[in-house]
Structure formats: C-alpha cells, structure tokens
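Open the model in your viewer and keep the selection panel at hand. The tour below goes from one selection to the next and says what to look for at each stop.

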Amino acid sequence: MNNVITLFKRELRAYFATPLAYVFIVIFLVLSGIFTFYLGNFYERNQADLDSFFIFHPWLYLFLIPAIAMRVWADERKSGTIELLLTLPVTMWQAVLAKYLAAWCFVAIALALTFPMWLTVNYLGSPDNGIILAAYLGSLLMAGGYLAIGVCVSAFTKSQVIAFIIGLTLCFLFTMSGFPLVLDFFRGWLPGGVVDAVASLSVLSHFQAISRGVLNLRDVAYFLAMIVAWLYACAIVIDMKKAD
Amino acid sequence: MIEVEQLSKRFGERLAVDALSFTVGPGEVLGFLGPNGAGKSTTMKMITGFIRPSAGTARINGYDIQAAPLAAKREMGYLPEGAPGYGDMSVRQFLDFIADIRAMSGAWRKERMDEVIQEIHLEQVLDQKIDTLSKGFRRRVGVAQAILHDPRVLIMDEPTDGLDPNQKHEVRNLIHGMAKDKIIVISTHILEEVEAVCSRAIVIARGHLLADGTPEELMARSRYHGAVTLDLDNAREAADLLGQLPEVAAVEDGDTDTEITVLPREGQALMAAIGRVIDQQRWTVRELYQQKGRLDEVFRDITGGAAA
C-alpha cells in the first residue's frame, strides 16, 4: 500500500511538473464552457439544470482522455524508466494501479474545476443538486473507463501518437457500441444475444442513466468492471512486452 | 551470493541467452564481457527480475528472483543500461522517491542520502531536473539510485558508458571502494575497465559462456602473454638472431622500423634468454619490456568465431 501511495504521488506530481497539466485543464474548461453555452444553449433552455453541460462530456473525454492516457506507459517505455520501475521492490499491480489512479485523480481535479458551472446554475435558479452530484460521479466514472482503455493501449507501444490514435478509436467504439454504426457491423454474423451484449457495453447509455440522477448499481458496476478489466489487460500487456 | 542456474532466454526463434550458469560471491567484482548483442543486458535483465527467463532462474542471497521477486529485489541495486531516470524530477526528488520505495527511514535514510550525494558529487545538481543534466551526471544519478540503500548486491549495465576519462576514473574508484563486502556485477565492452576494476571476468557471446577467470588468467591466453618488445637500431638483424632461440615462437615487426616483438613458445620465459643475446651482441637497446598479454586480442580470439 505504501508503495502505491509513493508511486501515486510521484506520478501526480509529474503531471504538474510540465505544462501538460495546465494545458489540459485550460482546454478542458474552455471546451466544456463553449459546448455548454453555445452548443448546449444553456441560457436559452431556461432550465435550472446542468444537462447541457454533462451531455457533451462523452465527446470531450473521447479526445482528451486518450491524450492524458497515452503517456502513462508509452513514456515510461520510451525513456527506459520502466526497467528501473519494475526492478524496484514493487509489484506489477502496485505500479499499474498507482499510475492509473494518479491519472484518474488528475482528471478528477480538472472535473472539479468546473465548479463555477454549478455555482452559476445555483445562482440562476434552484436545480436538483442530487442529480448534479450523480452526474458528476457518472462523469468521473466514465472518465475512469476511458482512461483504463487508454492506459492499456499505452502499454502496447513506445509511441505516444500511436497510443493516442488507437486509444481514441477504442474509446469511440465503446461510446458508440449502442448505436447502429457499430451494431450493424455485428448484426450480420453474430447471434442476437451477443449483439445485445455489445449494445450493453455502450458507455453512452450507462452514463446517460447515471446523469439523469439514477445511480443504478448496474451502471456503476459497468464502469468499475470496465476499469478492472482494462487494467488487468494492461498488466498482462506490460508483462508480455516489457522486453522489447 | 548470486547463483545463476541454466538461465535461458528465447526471443522468438533467436536464443539470446543459452543455459548460462555461474555464481558470484561476496568481495568479487565480476566483469561481464561480450560483443554487442551477446546477451549481456538480457542476462542482467533476467537476474534483476525485469524480464522472465524462458528457462532456469537466478537466486540473490538465497531469494529466487521468480519465486520471491520482492525479497530478491530488496537485496539488489541495479543500474539499467543507459541509466534511465524520471526527467521531470529534480535529482533530490528522484533520490527521495527511491528512498521511499526502498522503505528507508529515520537517521539511516538521511545518513545514506548525504553519504551518496557526497560520494558521487551530486551537490551542485541536486535541484536540477534530470532532463537537464549532462550525460555524465545522469549516469552518476543512476549509480546513486542503485547504491542508495547500500545493497549487498550491485548490478550495473555499462556504468561508465559515455563518461569522460575523469568520470570513468571516479566511477571505477567508487566500485573499488565498495568492492570489499559487496557482490558487484558490471557489464562492459571496455576491456581496460576489466583490468582496472574486476577481480573476475566472464566472456559471453551468442548467449554462451566462453570463458571465466581472473583478468590475469584471461590475459595469459594471449599470444602476447610474456612477449618481449625491443626497440633498437639493428632490428632486422636482431629479429633473425632472436628467432633462432629455442624459447621463441615467432618474431613480429612492431609499429616502427626499429621495434620488434618476440613471442614465446607456450610456457617459456623469454626475458633471460633475450638478455643474454643482447649482452653477447652488445646491442644498444633503447626500450625493452615484457607484455602481460593483450585482452583485446584474447577477446577477439574467444568471441571471434561466435560473433561471425
């Protein structure tokens, strides 16, 4: 446990040691503002809620999370520090978990900095803050899911660009897996049950369920299972590929 | 004690390390020699638990690196090839991080920290980011990281690669200083280094162990072991005369017209016989010395066939 905390602190500090963190946070805040006010018609809707804010989160994350995740292992591999890290007395799981949690924590900080949005809507009206809290939680879980995908992909390669593009593609597939775009591809040759299973993997539908204020165990479990599965895969990939 | 047992690594079709076995005891500084791609780094990566062997294993002070990796890793300090470090951290932060991971605490931690920083002369770069350091300093930070917890087993992959002669000298002194009570394994392709710091050398090529002995024993394999080099005006005449001595195997021309090198037959001492001839002929000899052997020649000899 101590090792996880030590590694976690090192990782989190690394984000803020370079301009990366600040660039990410600024872009995240600016984009989420633009989406909410211009595309989401926050004012015109005349409703005291943050739907127009949260509805764009999957799309925002789709690009920004792979950008955060791409460096997590690819960088370690490229600079050779992976050899240092894994010959220190730490287990693979401690390393994978600590690095993931640090990245997730970083995204949580960026998300928390959107609090003026919440202040604004409370100033203008009286929204259901329970729903807003649930939506924030859902958003964080969704970010965690995307992040786990990206981190796993990052373990495959030395190149951050490749990690970004593949991470983005996979995240996109998981976002769209409830839509005809993806489902039609499977429908022709897979049994209906499997197609339904693919549809149920959609990030979008689980997030939308939570952001409506229904904190269903099924949806939470979906994101947690997704995180665990991708991190498990990540550990296997690192173990397999660390020699090259 | 490092016990390496039948260690093998296969990358696809290629057998990088082939059933390597050896042991290293306390007080030994083992030089790991071999041409590029011989399997030196791969072997070190397996001993330190970075990559898993295809077969065989290594034990560090009794801890099997595969069955008890954490205990084995605690016994070891390791400087990976290229001395990687986290570029975004300052030297101080980096060493603090290593101390945390090594669970060092209290007075001992502070003491070791000060000692290592002083020994390796890192005072002036302590608050500089590792990314901004010169190659020499980076390597030193890597060494500092490896010895911070005062490990009983120290494994270093090319510790002096890329250093200037002064820095090389310093790192070698450091290794010398630690050698008494530790087990040290260094890999290198710099042969002078083996003579300078190692008490034992292992030569591998294509993953096979080809030679194992003290640097002196290795040099004794050289054709030039015990050879005598002379510098005198009538070198041609001298070469003919000395070539007839029963102890002499051959006479080679040296770098200049006036220099010749006389090679001994196996197990024969040359100096006395040559001295007698010089006396009889009343030659004026400007230079006369006996060679210990040429490690580079032995190295080429041993690895030549395998590397071709």
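## A tour by selection

Begin with helix α9 (residues 235-243) of chain B, which lies across β11, β12 and β13 of chain B and runs at about 10° to β13(B). Helices and strands here are DSSP runs numbered from the N terminus, a helix being H or I over at least four residues and a strand being E over at least two. Contact means heavy atoms within 4.5 Å, while axes are lines fitted to C-alpha atoms, for helices over the stretch in contact, and angles run from 0 to 180 degrees between N-to-C directions.

Before going on, note that this is a predicted model, in which local features need pLDDT of at least 70 and side-chain atom pairs count only at pLDDT 80 or more, whereas totals for chains, interfaces and linings use all residues. Residues are numbered from 1 along each chain as its sequence is written, chains are lettered from A and ligands numbered from 1 in the order in which they are written, and side-chain values use heavy atoms, with hydrogens and water left out.

Now select the strands β12-β13-β11-β14 of chain B, given here in their order in an open sheet of 4 strands with antiparallel pairing; two strands pair if DSSP finds at least two bridges between them. β12 (248-253) and β14 (285-290) of chain B stand at the edges with a single partner strand each, so one side of each has no neighbour in the sheet. Neighbouring strands of this sheet are turned by 20° against each other on average, direction ignored.

Colour the pairs of this sheet one by one. Strand β11 (residues 228-232) of chain B is joined by 4 bridges to strand β13 (residues 259-264) of chain B, the two running antiparallel, and B:Leu230 has B:Ile260 as its bridge partner in β13(B). Between β12(B) and β13(B), which also run antiparallel, there are 5 bridges, and B:Ala250 stands opposite B:Leu263 in β13(B). Follow the chain from β12(B) to β13(B) and you pass through a hairpin of 5 residues.

Next select helix α10 (residues 271-281) of chain B, which lies across β11, β13 and β14 of chain B and runs at about 165° to β14(B).

**Stepping back to the domains of chain B.** The domain assignment, whose bounds come from an automatic or database source, divides chain B into domain 1 (2-220) and domain 2 (228-291). Taken over C-alpha atoms, the centres of domain 1 and domain 2 of chain B are separated by 43 Å.

**The mixed sheet.** Select β6-β7-β8-β3-β9-β10 of chain B, an open sheet of 6 strands listed in order, with mixed pairing. At its edges stand β6 (76-79) and β10 (208-213) of chain B, each with a single partner strand, so one side of each is left without a neighbour in the sheet. Here neighbouring strands are turned by 15° against each other on average, direction ignored.

**Helix pairs in chain A.** Move to helix α2 (residues 20-39) and helix α4 (residues 57-79) of chain A, whose axes come within 11 Å and cross at roughly 175°. α2(A) and α4(A) are therefore roughly antiparallel to each other, on a scale where angles under 35 degrees count as roughly parallel, over 145 as roughly antiparallel, 65 to 115 as roughly perpendicular and the rest as oblique. Show side chains, including A:Phe24 and A:Phe28 in α2(A) and A:Leu60 and A:Leu64 in α4(A), which are among the residues that meet.

The last stop is helix α12 (residues 203-211) and helix α13 (residues 217-241) of chain A, whose axes come within 9 Å and cross at roughly 135°. α12(A) and α13(A) are therefore oblique to each other, and residues meeting there include A:Phe207 in α12(A) and A:Tyr222 in α13(A).
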